[in-house]
Amino acid sequence: MSPPRITLREKGRSVVRGGKFYGLPGFLVAAEVVDSESGLAEVAVSRDAKSFEPLKAVEMKFDQPGEYSLRVRAKDRVGNVAEGEPHVVVVDTVAPRTDLK
């Protein structure tokens, strides 16, 4: 039996630079977690790469400015565990500055 498959994708307007997702407050990341063999037992998410909590919704919303280390972990009904690739989400509220000379 194989472990669950985890896919994350950004939703809405964002920019990807240097492996980071940049977005405005309200930025969404959608998680798709699939185990077609035994089914999923649990799915958890971490926004700080340390502590995990149950994933309550498919879409994760980032409202507060800052940098988040996003990880998703899934376990199927026979005990196989998968951990998704880490993603860095940056919620940025500072407008770019242009100086004309």
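A residue is buried under 20% relative accessible area, exposed over 50% and partly exposed in between, with a 1.4 Å probe and protein chains only. The model is predicted, so to speak of local features requires pLDDT of at least 70 and side-chain atom pairs count only at pLDDT 80 or more, while totals for chains, interfaces and linings use all residues. Residues are numbered from 1 along each chain as its sequence is written, and side-chain values use heavy atoms, with hydrogens and water left out.

**Exercise 1. Determine whether M1 is buried or exposed, and state what M1 touches.**

Step 1. M1 belongs to the segment before strand 1; strands (E, at least two residues) and helices (H or I, at least four) are DSSP runs numbered from the N terminus.

Step 2. The relative accessibility of M1 is 65%, so M1 counts as exposed.

Step 3. Contact means heavy atoms within 4.5 Å. With neighbours within four places in sequence left aside, M1 is in contact with E37, S38, V78 and N80.

Step 4. Between M1 and S36, 35 residues apart in sequence, the C-alpha to C-alpha distance is 10.0 Å.

**Exercise 2. Describe the surroundings of S38.**

Step 1. S38 is located in the loop between strand 4 and strand 5 (40-46).

Step 2. A relative accessible area of 16% makes S38 buried.

Step 3. Beyond its neighbours within four places in sequence, S38 is in contact with M1, D76, R77 and V78.

Step 4. A polar atom of the S38 side chain lies 3.5 Å from the backbone nitrogen of R77.

**Exercise 3. Work out the order and the edges of the open sheet of three strands.**

Step 1. Strands of a sheet pair through backbone hydrogen bonds, in a parallel or an antiparallel manner. Two strands count as paired if DSSP finds at least two bridges between them.

Step 2. The three strands follow the order 1-4-7, with antiparallel pairing.

Step 3. Strand 1 (5-11) and strand 7 (59-62) each have a single partner strand, so one side of each lacks a neighbour in the sheet.

Step 4. On average, neighbouring strands of this sheet are turned by 20° against each other, direction ignored; the axes are lines fitted to C-alpha atoms, for helices over the stretch in contact, and angles run from 0 to 180 degrees between N-to-C directions.

Step 5. Strand 4 (residues 27-34) and strand 7 are joined by four bridges. L28 has K61 of strand 7 opposite.

**Exercise 4. Identify the partners and the faces of strand 3.**

Step 1. Three bridges pair strand 3 (residues 20-23) with strand 2 (residues 15-17) in the antiparallel sense, and Y22 is the bridge partner of V15.

Step 2. Two residues separate the strands of this hairpin, where G18 takes a positive phi near 55°.

Step 3. Strand 3 also pairs with strand 10 (residues 87-91), in the parallel sense over four bridges. Here G23 is opposite V91.

Step 4. F21 and G23 form the covered face of strand 3, whereas K20 and Y22 form the uncovered one.

**Exercise 5. Find which rings have the charged end of an arginine over them.**

Step 1. A charge sits over a ring if NZ of Lys or CZ of Arg is within 6 Å of the ring centre and within 35 degrees of the ring normal.

Step 2. The charged end of R47 is over the ring of F62, 4.2 Å from its centre.

Step 3. Over the ring of F52 sits the charged end of R73, 3.7 Å from the ring centre.

How values were computed:
A polar contact is a pair of N or O atoms within 3.5 Å; within protein, one must be able to donate a hydrogen and the other to accept it, and residues adjacent in sequence count only if both atoms are side-chain atoms.
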